[in-house]
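Subject: Structure handover

Hi,

Here is the structure for you to look through. My notes follow below it.

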Amino acid sequence: MLSNNELAFELQNVIVQLRKVIISRHGSSTLKGAEKCTLFLIDELKAGSPVTISEIANKIKVTLAAVTHQINALEKRGLIRRMPNSGDRRIVRVSLTKSGRVQVVKLKKEFSKKTKILTEFLGEEDTKNLIRLFKKMSEFREFIK
């Protein structure tokens with residue numbers, strides 16, 4: 001029988017492995033995992049409307065500097081554009097370029113394809129259990145804010 005510490009360590013290792021598989025390795029893109037997540041957030045936060053860097057940082061609970069780093073990388077690739085606010089230069093909104101939207105659609109299709117493969121691999125019962133556990137984990141996250 002494993003102790004709580006041993007179980008927590010094993011769970012931590014599995015979560016790290018899953019993160020690598022799901023975020024970092026999905027898709028044939030050369031984008032890093034954090035860049036992919038930033039693209040998804042820009043696309044989804046306001047249904048494709050421009051968002052501020054602060055809104056992105058607040059959503060994922062990271063510093064403005066961390067988000068700015070991702071924004072700079074995505075802008076260099078031509079996937080997003082900055083739109084300065086004429087009233088307040090400190091506020092910068094970002095939105096996807098046409099190339100950025102194409103990249104998001106491509107990544108979502110690849111993710112969906114891999115999710116279907118995982119569902120086939122796990123089978124119906126394990127997939128339902130996984131969904132149940134992910135929902136439970138989402139509820140837990142609400143308690144540890």
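This is a predicted model: local features need pLDDT of at least 70, side-chain atom pairs count only at pLDDT 80 or more, and totals for chains, interfaces and linings use all residues. Residues are numbered from 1 along each chain as its sequence is written, and side-chain values use heavy atoms, without hydrogens and water.

Start with the sheet. Strand 1 and strand 3 (residues 92-96) run antiparallel, joined by 2 bridges. Strands are DSSP E runs of at least two residues and helices are H or I runs of at least four, numbered from the N terminus; strands pair if DSSP finds at least two bridges between them. Val51 sits opposite Val94 in strand 3. The sheet is open, with 3 strands in the order 1-3-2 and antiparallel pairing. Strand 1 (51-52) and strand 2 (80-84) are its edges, each pairing on one side only.

Helix 2 packs on this sheet and touches strand 1, strand 2 and strand 3. Contact means heavy atoms within 4.5 Å. Its buried residues (under 20% relative accessible area, 1.4 Å probe, protein chains only) include Leu39, Phe40 and Asp43. Ala47 follows helix 2 and has a positive phi, near 50°.

Helix 2 also packs against helix 3 (residues 53-60), at about 110° and with axes 11 Å apart. Axes are lines fitted to C-alpha atoms over the stretch in contact, and angles run from 0 to 180 degrees between N-to-C directions. Leu41, Ile42 and Leu45 of helix 2 meet Glu55, Ile56, Lys59 and Ile60 of helix 3.

Best wishes

Terms used: Buried < 20%, exposed > 50% of the residue type's maximum accessible area, 1.4 Å probe, protein only.
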